Amino acid sequence: MAQKASKGGAALTHIGSSGEARMVDVSDKPATERTAVAEGRVVMTMATLDLIVSGNARKGDVLGTARIAGIMAAKRTSDLIPLCHPLALSRVSVDITPDKKLPGCIVRATVKVTGPTGVEMEALTAASVACLTIYDMIKAVERGVRIEGIHLVEKLGGKSGHYRAKR
């Protein structure tokens, strides 16, 4: 089973010529600066958001714990996603903004590396795990919390250049 090109003409890089899953060989690619930003939302009731913002959640500092969980997740992405390369990340930040209009929290992860491959998966993993951590810390108060809209916002560097999601 040969790999097939997508509509844009690019072949799936994690599928070998016989259809087997494979890790992409990046040994010939130059190390360049690469950045990725991912975002997600955790939607809840206003009462639950007030608990988080006031610091009165029973499990403790929800936003601080979620930030650390997201950073740790970015660093462990290659342990979670089978075909990701382990990377020496130079920056991981997770910003969480309470938003009364949702109501809920907007989670934004930024990951940077100088290396031969991008950090999109690390940014997406950081945002996802930070959202999951918020859910875990407030689920006793509200089971109906929703995690929504996890997506790549922006990617800079590498052969494919700059990408920015359309609004």
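Start with Val-113, which sits in strand β3. Strands here are DSSP E runs of at least two residues, helices are H or I runs of at least four, and both are numbered from the N terminus. This is a predicted model: local features need pLDDT of at least 70, side-chain atom pairs count only at pLDDT 80 or more, and totals for chains, interfaces and linings use all residues. Residues are numbered from 1 along each chain as its sequence is written, and side-chain values use heavy atoms, with hydrogens and water left out.

Is Val-113 buried or exposed? Buried, because its relative accessibility is 1%. The cut-offs: buried is under 20% relative accessible area, exposed over 50%, partly exposed in between, with a 1.4 Å probe and protein chains only.

What does Val-113 touch? Leaving out residues up to four places away in sequence, its contacts include Thr-32, Leu-87, Ser-90 and Val-119. Contact means heavy atoms within 4.5 Å. Ser-90 is 23 residues away along the chain, yet the two C-alpha atoms are 5.1 Å apart.

Now the core. The largest nonpolar core has 31 residues. Such a core is a set of buried Ala, Val, Leu, Ile, Met, Phe, Trp, Tyr and Cys residues joined through side-chain atoms within 4.5 Å. Elements giving it two or more residues include β1 (32-43), β3 (104-115) and α4 (120-138). α4 gives the most, with 9 residues. Ile-134 is among the residues with the most contacts inside this core. Beyond four places in sequence, Ile-134 touches Val-42, Met-44, Ile-96 and Val-107, among others.

Last, the second largest pocket. Its lining includes Glu-39, Arg-108 and His-151. On a 1 Å grid over the protein atoms alone, a pocket is an open set of points where a 1.4 Å probe fits, with protein on both sides within 12 Å along at least five of seven lines; lining residues have an atom within 4 Å of a point.
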